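Please open the structure in your viewer and keep the selection tool at hand.

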Amino acid sequence: MAKAKRDRLLVALIAKLPMELAPWPRADRMAWLQMIAMALDVVYGPCGGIRVVVDGAYGDEAGHSASAPRPVFAGHHVIAQAAPRTPQRFYVDRDGFAMGDGKPVAMEDLPAGAILWDERVGIECGDAAAILWRDVGTSRRGLPPGITLRPLFDES
């Protein structure tokens with residue numbers, strides 16, 4: 001096994017963690033998490049990095065999901081829980097396969113203006129010609145016009 005990298009930037013950020021058991025304000029925790037995420041990108045490279053979402057983008061502090069099902073009312077009675085519609089997510093998995101919500105896709109399945117999130121790391125990250133498509137394998141050609149390939153850490 002390779003020896004772990006000991007970068008001074010990462011060591012300094014770990015040293016900034018509070019030592020006492022006193023409450024650590026949420027805003028301070030989020031700022032620290034953003035700093036460590038950026039430092040990891042600096043030390044290990046940005047492709048395949050992580051992103052810290054601030055201020056309840058995935059839920060509030062009480063743990064309620066921002067995408068929780070919403071009730072559907074008929075008069076005064078709840079008749080169903082309507083799940084919010086989420087757009088299909090397109091990505092290139094770590095093995096290089098083009099996927100749409102967990103299923104293999106063809107290049108033609110990508111709607112105009114879609115973002116294809118690249119989960120690959122290393123030299124293949126960002127290489128559109130090395131993507132494996134459901135119908136043709138690698139196409140050795142670029143993406144269709146209007147389709148954007150972005151590294152996963154850039155997801156917003």
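The model on display is predicted. Begin with the side chains of Arg 120 and Asp 118, which make a polar contact at 2.8 Å.

**Stop 1: Arg 120 and Asp 118**

The contact between these two side chains also qualifies as a salt bridge, with the closest N and O atoms 2.8 Å apart. In general, side chains of opposite charge can pair when their charged atoms come close.

Where does Arg 120 lie? Arg 120 belongs to the loop between β6 (115-118) and β7 (132-133), whereas Asp 118 is found in strand β6 itself. Are Arg 120 and Asp 118 buried or exposed? Both residues are buried. Arg 120 counts as buried because its relative accessibility is 1%, which is under the 20% cut-off. For Asp 118 the relative accessible area is 0%, so Asp 118 is buried as well.

Next, select Glu 124 and Gly 126 with their backbone atoms shown. The side chain of Arg 120 reaches the backbone oxygen of Glu 124 at 3.2 Å. The side chain of Asp 118, in turn, reaches the backbone nitrogen of Gly 126 at 2.6 Å. Now display the surroundings of Asp 118: leaving aside neighbours within four places in sequence, its contacts include Val 92, Cys 125, Asp 127, Leu 149 and Arg 150.

**Stop 2: The other salt bridges**

How many salt bridges are counted in the model? The count comes to 3, and one of them, between Arg 120 and Asp 118, has been visited already.

Select Glu 119 and Arg 89, whose closest N and O atoms are 3.8 Å apart in a salt bridge. This pair links distant parts of the chain, 30 residues apart: Glu 119 is in the loop between β6 and β7, and Arg 89 is in the loop between β2 (77-82) and β3 (90-92). Glu 119 is buried, with a relative accessible area of 18%, while Arg 89 is partly exposed at 25% relative accessibility.

Then select Arg 134 and Asp 109, whose side chains meet in a salt bridge at 3.0 Å, N to O. Here too distant parts of the chain are linked, 25 residues apart: Arg 134 comes from the loop between β7 and β8 (137-138), and Asp 109 from the loop between β5 and β6. Asp 109 is partly exposed, with a relative accessible area of 32%.

**Stop 3: The sheet**

Switch to a cartoon view and select the strands of the open sheet. Five strands form it in the order β5-β4-β3-β6-β9, with mixed pairing. Which strands stand at the edges? They are β5 (103-104) and β9 (148-151); each has a single partner strand, so one side of each is left without a neighbour in the sheet.

Focus on β5 and its neighbour β4 (residues 98-100): the two run antiparallel and are joined by 2 bridges. To see a bridge pair, select Met 99, whose partner in β5 is Pro 104.

**Stop 4: The nonpolar cores**

In soluble globular proteins, nonpolar side chains tend to be buried together. The largest nonpolar core of this model has 12 residues, among them Phe 90, Val 92, Ala 98, Val 105, Met 107, Leu 116 and Trp 133. Select Val 105 within this core. Apart from neighbours within four places in sequence, Val 105 is in contact with Phe 90, Ala 98, Met 99, Gly 100, Trp 133 and Arg 134.

Finally, select Leu 10, Trp 32, Ala 39 and Val 43, which are included in a second, separate core of 6 residues.

Notes
Residues numbered from 1 in each chain as written. Predicted model: local features only at pLDDT ≥ 70, side-chain atom pairs only at ≥ 80, totals over all residues. Heavy atoms only, no water. Core = buried A, V, L, I, M, F, W, Y, C linked by side-chain atoms within 4.5 Å. Buried < 20%, exposed > 50% of the residue type's maximum accessible area, 1.4 Å probe, protein only. Contact = heavy atoms within 4.5 Å. Helix = DSSP H or I, 4+ residues; strand = E, 2+ residues; numbered from the N terminus. Polar contact = N/O pair within 3.5 Å; in protein donor to acceptor, adjacent residues only side chain to side chain. Pairing = 2+ DSSP bridges. Salt bridge = Lys/Arg side-chain N within 4 Å of Asp/Glu carboxyl O.
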